[in-house]
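Subject: Structure handover and findings

Hello,

Here is the structure for your files. My notes on it follow below.

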Amino acid sequence: MSAGLDALDDAGLVALHRAGQRAAFATLMARHKQPLYRLIVAQTRDAEDALDLLQETFVAAHGALARFDADRSLRAWLARIAINKCRDWQRRRRVRHFLARVLPIEAGERVADPGADAEAQAIDRDELAQTLEAIAQLPAALREPLLLCTVDELSHAEAGEALGITAKAVETRIRRARASLSGQSGES
């Protein structure tokens, strides 16, 4: 049964799900979980929160699948839901950070000794952290198209559909994001 479902395209699986076949949604989840997870991790930079947000994305998609327009890209639709979940998470996080500054917790966090790692691993982690931080500092209008097309590997048209903008706008924003990141790496 599962092999037969794997052969169907997204629209066929949506139709089966609407007809009451639960396994169709499980197949959709299996098909799209890795790209969505990569997108969410790139947005949040937190693997544990990304898993929670991935689950929230699929719960929201399941609840809204009856209203999904099967003529559109399911991948782009799921990416839009994931981005909205990340935006909500970021808003909640900003509120928590604000409250933490206003009402500090008595015990501070302890930082692990970075000298315990091999030098090469530390350099790699540092470069990755700097890159992720530079991407996080981009305005959402530049960051989201960049992540959708580079991390989630959506086409410009699919990314545009997910963000509610044109494919040309996606292309322009990605070019601006890359130019901004190039300028930031040159300043370091």
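Does W77 count as buried or exposed? W77 counts as buried, because its relative accessibility is 19%. Buried means under 20% relative accessible area, exposed means over 50%, and partly exposed lies in between (1.4 Å probe, protein chains only).

First, the ground rules. This is a predicted model, in which local features need pLDDT of at least 70, side-chain atom pairs count only at pLDDT 80 or more, and totals for chains, interfaces and linings use all residues. Residues are numbered from 1 along each chain as its sequence is written, and side-chain values use heavy atoms, with hydrogens and water left out.

Overall fold

The protein chain has 9 helices and 0 strands. Helices (H or I, at least four residues) and strands (E, at least two) are DSSP runs, numbered from the N terminus. Of the 188 residues in the chain, 32% count as buried. Take the contacts between residues at least 6 apart in sequence: 60% of them join residues at least 24 apart. Contact here means heavy atoms within 4.5 Å.

Aromatic pairs

The structure holds 2 aromatic pairs. Rings of Phe, Tyr and Trp (its six-membered ring) pair if their centres lie within 6.5 Å; planes under 30 degrees apart count as stacked, over 60 as edge-to-face and the rest as tilted. F25 and F58 form an edge-to-face pair, because their ring centres are 6.4 Å apart and their planes stand at 90°. This pair links distant parts of the chain: F25 lies in helix α3 and F58 in helix α4 (residues 47-64), 33 residues apart. Both F25 and F58 are buried. F68 and W77 form a tilted pair, because their centres are 4.9 Å apart and their planes are at 50°. F68 counts as buried, since its relative accessibility is 7%.

Helices α2 and α3

Helix α2 (residues 10-18) packs with helix α3 (residues 22-44) at an angle of about 145°, and their axes are 8 Å apart. Axes are lines fitted to C-alpha atoms, for helices over the stretch in contact, and angles run from 0 to 180 degrees between N-to-C directions. From α2, the contact uses D10, L13, V14, L16 and H17; from α3, it uses A24, F25, T27, L28, R31 and H32.

Two of these residues deserve a look. D10 sits in α2 and counts as buried at 18% relative accessibility. Leaving out residues up to four places away in sequence, D10 touches L28, R31, H32 and L74. H32 sits in α3 and is buried, with a relative accessible area of 6%. With the same exclusion of residues up to four places away, H32 touches D10, F58, L74, R75 and L78.

Helix α8

The buried residues of helix α8 (residues 156-163) are A159, G160, A162 and L163. They lie on the same side of α8, because they cover an arc of only 160° around the axis. The arc is that of the directions from the helix axis to the C-beta atoms. Just after α8, G164 takes a positive phi of about 75°.

Cysteines

How many disulfides does a search of the whole structure find? The search finds 0. A disulfide is a pair of cysteine sulfur atoms within 2.5 Å. C86 counts as buried at 1% relative accessibility, and C149 counts as buried at 15%.

Best wishes
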